[in-house]
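Student: I would like a close look at one part of this model. Please take me through it step by step.

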Amino acid sequence: MTSSPVPSGSRLASRFGLSDRIFVGPAARRLVSTLEEALEEVEQAIAEELGSADRLADATSRYLYEAGGKRVRPMLVMLTAQLGDGITPAVRDVAVALELMHLGSLYHDDVMDGADRRRGVPSAHRVWDNSTAILTGDLLLARASRVMGRRGAVAVDLQTETFERLVMGQLHETVGPAEGDDPIDFYIRVLADKTGSLIAAAAQAGAYFANAKDDYRDALREYGEKVGVAFQLADDVIDLSSRPEDTGKVPGTDLRAGVVTMPYLLLQASDDAADRDLARRIDDGVARIRDGEDPAILDGPLAELRDHAATTRTHELALSWTNEAVDALSVLPRGAVREALTRFARQLADRSS
């Protein structure tokens with residue numbers, strides 16, 4: 001399977017928040033053309049890696065890939081490679097492997113969270129079952145390892161460290177904070193591991209495998225991790241305000257499933273009696289849903305939380321993490337790459353779906 005042709009620059013513009021005004025010079029336009037062409041090659045390579053002679057494995061492996069996705073991680077790899085030697089075969093392989101890792105983690109996450117939908121379609125474990133979804137995620141991670149293995153010990157180490165952080169983030173989210181842990185600080189660490197680690201790996205991998213300067217790599221790793229935290233904080237806001245036609249999920253999907261989000265944590269941390277009462281009502285609703293009651297019983301409390309100062313504060317935190325991510329780019333040379341990374345970060349924090 002290959003992606004449908006698109007006008008040069010259109011996907012880069014939409015995914016990284018760029019306007020045509022930025023790409024007025026021939027060098028910048030060549031950059032866009034290079035990235036778009038490389039993304040087509042990466043899309044084809046991913047589709048090939050997902051293919052299997054086994055009909056069940058072929059169907060389950062392709063399921064979420066064919067449902068869509070922004071391909072943010074491979075695009076980050078290829079964009080930051082422009083700070084060095086450009087898009088080499090090693091850069092392409094790493095872009096493919098990191099997207100396969102991301103896909104595999106989605107199958108696992110949906111089982112852990114009990115999510116009903118992903119990318120506008122029923123979650124894989126709803127179409128098949130939990131075991132099939134988990135094993136499909138394992139299969140994708142195995143294929144990511146195979147691709148990374150082509151690029152030597154450094155690539156394997158990058159994948160191993162990133163996968164460990166993904167697992168630890170999910171483990172900590174599942175178990176929750178220990179006695180004495182600050183719940184908000186704990187939550188930020190979970191976000192950094194579950195989401196920030198993979199975006200950080202993508203941002204630094206492009207520069208590393210294109211032989212960019214060492215200080216670029218360190219800055220991009222910091223940038224990616226902070227962007228990942230901002231992304232998830234923005235998701236917490238979107239969870240409350242999402243429209244099903246945009247996200248495939250009803251508002252408050254995470255909280256109805258008992259998944260902790262930042263607005264809820266800010267409610268819990270408040271000294272205000274009304275805030276604590278709203279948190280208690282949400283807790284009570286989650287417990288009743290687990291006992292089999294209609295998830296709609298939380299419509300009222302979640303509507304209150306959507307318009308609450310805690311949700312506004314969460315959006316402000318997302319913007320703060322975004323600003324820190326952009327600040328980390330100060331060591332990069334000015335130009336289209338730095339501008340794209342800056343706009344990408346700001347777009348993630350301010351998106352509506």
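Student: By class, how many nonpolar, polar and charged residues does the lining of the second largest pocket have?

Tutor: A caution to begin with: this is a predicted model. The lining of the second largest pocket has 10 nonpolar, six polar and three charged residues. The space in this pocket is about 370 Å³. Its lining is made by 19 residues, and the closest to the centre are Glu173, Thr174, Gly258, Val259 and Val260. Three helices each give at least two residues to the lining: H5 (89-113), H8 (152-175) and H9 (183-209).

Now follow the chain on to helix H13. H13 spans residues 262-269, and H14 spans residues 273-290. Their axes come within 7 Å and cross at roughly 130 degrees. An angle over 145 would count as roughly antiparallel, and 65 to 115 as roughly perpendicular. H13 and H14 are therefore oblique to each other. Their crossing is left-handed. On the H13 side, the contact is made by Tyr264, Leu267 and Gln268. H14 brings Asp275, Leu278, Ala279, Ile282 and Asp283. By class, the residues of this contact are five nonpolar, one polar and two charged.

H13 also packs with H16. The axes of H13 and H16 come within 8 Å, and the crossing angle is roughly 120 degrees. H13 and H16 are therefore oblique to each other. The crossing of H13 and H16 is right-handed. From H13, the contact uses Met262, Pro263, Leu266 and Leu267. From H16 come Ala310, Thr311, Arg313, Thr314 and Leu317. This contact of H13 with H16 has six nonpolar, two polar and one charged residues. Note Leu267: this residue of H13 takes part in the contact with H14 and in the contact with H16.

H16 leads on to H17. Helix H16 covers residues 309-327, and helix H17 covers residues 336-350. The two pack at an angle of about 170 degrees, with their axes 9 Å apart. That makes H16 roughly antiparallel to H17. In H16, the residues that meet H17 are His315, Ala318, Leu319, Thr322, Asn323 and Val326. Their partners in H17 are Thr342, Ala345, Arg346, Ala349 and Asp350. The contact of H16 with H17 has five nonpolar, four polar and two charged residues.

To recap: H13 is oblique to H14, H13 is oblique to H16, and H16 is roughly antiparallel to H17.

Conventions: Residues numbered from 1 in each chain as written. Predicted model: local features only at pLDDT ≥ 70, side-chain atom pairs only at ≥ 80, totals over all residues. Heavy atoms only, no water. 1 Å grid on protein atoms, 1.4 Å probe; cavity = no way out; pocket = protein on both sides within 12 Å on 5 of 7 lines; lining within 4 Å. Points joined across faces, edges and corners; volume = space filled by probe spheres on them. Helix = DSSP H or I, 4+ residues; strand = E, 2+ residues; numbered from the N terminus. Nonpolar A, V, L, I, M, F, W, Y, C, P; charged D, E, K, R; others polar. Axes fitted to C-alpha atoms, helices over the stretch in contact; angles between N-to-C directions. Parallel < 35°, antiparallel > 145°, perpendicular 65-115°, else oblique. Left-handed = near helix turned anticlockwise from the far one by under 90°. Contact = heavy atoms within 4.5 Å.
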